[in-house]
Amino acid sequence: MEKKKLFISQPMKGKTEEEIRKERENAVISAKEILKEEVEVIDSYIYEDQQNHTDNDLWCLGRSIMIMSVVDIVCFAKGWSEARGCKIEHECAVQYGKKLLELQ
């Protein structure tokens, strides 16, 4: 059986790369426990230098939505409902019928 593909949406503003990666690891652990199955995490953390974009946050959001299109499940990490990008990703996931996991 093929593993379900998992996308993680998480607040990132003001966090270090280390904090972001640790939160992602915790979200994957929680998702596996909830789903009771292994998942393939589709890495949506965009860490490369994007300095050529006028609005880097919006560019990253657009790229994340593109990545979300190929997954089965979208996992929203703690604090997602307070982050504008996560709220937009959530609305896209709802409107396009993705399975949702909302972590607290």
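Two strands count as paired if DSSP finds at least two bridges between them. In this predicted model, strand β1 (residues 4–9) and strand β3 (residues 73–76) are joined by four bridges. The two strands run parallel. The protein has three helices and four strands. Starting at the N terminus, the elements follow the order β-α-β-α-β-α-β.

**Overall shape**

- The radius of gyration is 13 Å, close to the 13 Å that the globule rule gives for 104 residues, so the protein is as compact as a globular protein of that length.
- The C-alpha trace spans about 40 × 30 × 25 Å along its principal axes.
- Of the 104 residues, 38% count as buried.
- Take the contacts in the protein with a separation of 6 or more: residues 24 or more positions apart account for 68% of them.

**The sheet**

- The four strands make an open sheet, and their order across it is β2-β1-β3-β4.
- The pairing in this sheet is parallel.
- Strands β2 (39–41) and β4 (99–102) stand at the edges. Each has a single partner strand, so one side of each is left without a neighbour in the sheet.
- From one strand to the next, the twist averages 30°.
- Look at Ile8: opposite this residue stands Cys75 in β3.

**Helix α1**

- Helix α1 covers residues 17–35, which is 19 residues. At 1.5 Å a residue, α1 should span 27 Å. The end C-alpha atoms of α1 are 27 Å apart, which agrees.
- Six names make up the buried set in α1: Ile20, Arg24, Ala27, Val28, Ala31 and Leu35. They cover an arc of only 105° around the axis, which puts them on the same side of α1.
- The buried residues of α1 pack against strands β1, β2, β3 and β4.
- Glu18 and Glu33 are exposed, and they sit on the face of α1 turned away from its buried side.

**Gly62 in helix α2**

- Helix α2 runs over residues 56–68, and Gly62 lies in it.
- Is Gly62 buried, exposed or partly exposed? Its relative accessible area is 32%. Buried means under 20% and exposed means over 50%, so Gly62 is partly exposed.
- Gly62 and Leu101 are 39 residues apart along the chain, and their C-alpha atoms are separated by 21 Å.

Methods. Residues numbered from 1 in each chain as written. Predicted model: local features only at pLDDT ≥ 70, side-chain atom pairs only at ≥ 80, totals over all residues. Heavy atoms only, no water. Axes fitted to C-alpha atoms, helices over the stretch in contact; angles between N-to-C directions. Buried < 20%, exposed > 50% of the residue type's maximum accessible area, 1.4 Å probe, protein only. Expected span 1.5 Å × (residues − 1). Arc of directions from axis to C-beta. Contact = heavy atoms within 4.5 Å. Rg over C-alpha atoms; globule rule 2.2 N^0.38 Å.
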